[in-house]
Amino acid sequence: MAEVTYRDALRSTLIEEMERDHAVVLMGEDIGVYQGTFRVTADLLQRFGPKRVIDTPISELGFIGAAVGMAMLGLRPVVEVMTWNFSLLAFDQIINNAAKIRYFSGGQVDLPVVIRGPNGAGVQLSAQHSQSLEATYAHFPGLLVAAPATPAEAKGLLRTAIRGNDPVVFLENAALYGMKGEVADGEFALPFGKAEVARPGTDVTVVAYSRMVHLALAAAGQLAGDGINAEVINLRTLRPLDTQTIIASVTKTHRAVVVQEQWKPFGAAAEIAARIYEEAFDELDAPVERVTGADVPMPYARNLELLAVPHEGDIVKAVKKTLYRT
Amino acid sequence: MSAMEAKARVTPARHKTLGLTDKDVLDMYYYIALARALDERMWVLQRAGKAMFVISGPGHEGCQVGAMWPMDKQRDWFVPFYRSIAACLVKGMTASDMLLGLFARANDPSSGGRQMPGHYGHPRVKILSTSSPVGTQYPHGVGIAYAAKIRKTGEITMVAIGEGGTSQGDVHEAMNWAGIYKLPVIFVVENNAYAISVPLHKQVAGGNVAARAAGYGFPGVSADGSDVLECYRVAKEAHDRAKRGEGPTLLEFRVPRLGSHSSDDQQERYRTKEEIQADRRRDPLQTFRQYLESVAVMNEGTHKEITDRIKREIDEATDFADRSPLPEPDSGARYVFHEGD
């Protein structure tokens, strides 16, 4: 067990997997000489050479399309997008191709592609660098969607993603790259579709993923001071979604709050709330609450930006609402 | 001996100077004729209500057979587009493979009834996935070629598209990448001068697809798509270049468009009778037959033999596909994710 950053957990996993399997190749903009915009690929070009650490032209559509071709031929490309916002340039390759090639081959063709990079808001990066696209990608059958919240999850989920045989949308978070945490040694891996109870509790279930898990835990700490014992569930992956763990918790607490950074309409929280209503309606003592970002493109001005993302206090308020307390 | 046959004895036949045997060119004719007959059968089946949709490529068969001929059928890869019927037949798909796809049968080897007709894919004969949005297969071809290059397998990739697809960003990004890394890939563009209804002058600035290769630092060649042997010659050169590690080639084949875009289209709505008539005179099935007769490789008898054999094969394939079962309803949710080893 060692304490490492989220960034180093990702980087060391890439190194381990590249050493273990020569089919693993990295590609993306500025990942080689420049070592990655967020330094996740620091010194990997030196270690593995330009055939396996590929600085691509600025062409998301082209290089994600090429990764799809490489994967069809048995390579395991791990593609870095500078931010997930730029993946929209390659939407057709991800949605119409990567997600459907197995299906269109009647199950004959594996597609082991991992696309990774930061998702969600940063600090004053405006509307085209700050979007949270998890619900967009989790909508499509054929794609797996992971959203690690801690260094250990970054390592464990990335290993599973690289060793799998399906395309994975791997959503990191810029605010978490510097976060430190304990990570197990050896070939530590975490399964997809298995949520973690990040904090056990009895009064209310707070469901979150990625950076929002830390907000939820902070809110739970604050609520404890008011005598409210919140259970926090960290989803880890959105597809597959661990409905079982959510329902088991709600069956115990009878109340639920779902937290997401993205916009409210048609978001992940709407889907999770619907699953709770479908499978545990009779267990609920209050409507499911959603804590979300504001329904605007992300503003540049810092004061407006802070108003557009969820905060600890919003979760506290939502939890109290489910308990009919103010 | 006819006068024509006598003349053929004097000048060496063109195909021989290219290193092709009489058997080669007769086989090439067989594939052109098979693709055409299968194409026509598919349309009949669609019009008879046996199939929902047909998309095919009458007029494109000659360049496809010529271009595919130098490829190694076992080792090399082909990433087709929806007019690649003849190329896919040469590469190893059969008439019944294609009709099983047309009828969306459980034993359709491309997709088990999941993908549209004409969207050929057959991993076992190294034909990979075509997609409905045009141009998207170009980056796939480049990725396959990159994988082959770093693994030093010697596999060469051919990827095909129509000239309409070349307007897509994918095509630029793919050719740029291939040029940077000198990848063993052959870019084929079958230019029939129409993107559904939009004529060449409204879709290709400069009017010349092959010229675009210069911008990416590799050769671009434009050939008459009705001249099967010329298509073979330029494809052979491209294949040799790729084998020698000299990188990609762009091949533009100017082909006649003898049919409508798909079974949902009527080209008479936007093309003149005169233009369609002029295209018919460039039909590769006819031009190649005339060539084979002029060099006395084919006569009435051999032609009838080939035609009869094709009719028999297509009749059998149609019956077989028609009798084959539909996909099992309880398989409806399958093939979305990996199902275990």
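Helices (H or I, at least four residues) and strands (E, at least two) are DSSP runs, numbered from the N terminus. With that in hand, welcome to a predicted model, in which local features need pLDDT of at least 70, side-chain atom pairs count only at pLDDT 80 or more, and totals for chains, interfaces and linings use all residues. Residues are numbered from 1 along each chain as its sequence is written, chains are lettered from A and ligands numbered from 1 in the order in which they are written, and side-chain values use heavy atoms, with hydrogens and water left out.

**Where chain A meets chain B**

- Contact means heavy atoms within 4.5 Å, and by that rule 44 residues of chain A touch 36 residues of chain B.
- The two chains bury about 3,300 Å² between them, with 64% of it on carbon and sulfur atoms; buried area is the accessible area (1.4 Å probe) that two parts lose on being put together, summed over both.
- On the chain A side, Leu73(A), Tyr103(A) and Phe104(A) lose the most area to chain B, together 21% of what that side buries.
- There are 14 residue pairs in polar contact between the chains, both residues at pLDDT 80 or more. A polar contact is a pair of N or O atoms within 3.5 Å; within protein, one must be able to donate a hydrogen and the other to accept it, and residues adjacent in sequence count only if both atoms are side-chain atoms.
- Several elements of chain A each supply at least two residues to this side, among them strand S2 (24-28) and helix H4 (91-98).
- H3(A) gives the largest share, 10 residues.

**Two helices crossing in chain B**

- The axes of helix H4 (residues 61-68) and helix H10 (residues 228-243) of chain B come within 7 Å and cross at roughly 35 degrees. Axes are lines fitted to C-alpha atoms, for helices over the stretch in contact, and angles run from 0 to 180 degrees between N-to-C directions.
- Gly62(B), Cys63(B), Gly66(B) and Ala67(B) in H4(B) meet Val228(B), Cys231(B), Tyr232(B) and Ala235(B) in H10(B).

**Two backbone details in chain A**

- Most residues other than glycine have a negative phi, and most peptide bonds are trans.
- Ser126(A) is not a glycine, yet has a positive phi of about 65 degrees; Ser126(A) lies in the loop between strand S5 (114-118) and helix H6 (134-138).
- Arg239(A) and Pro240(A) are joined by a cis peptide bond, with omega about 0 degrees. Pro240(A) sits in the loop between strand S12 (237-239) and helix H9 (243-253).
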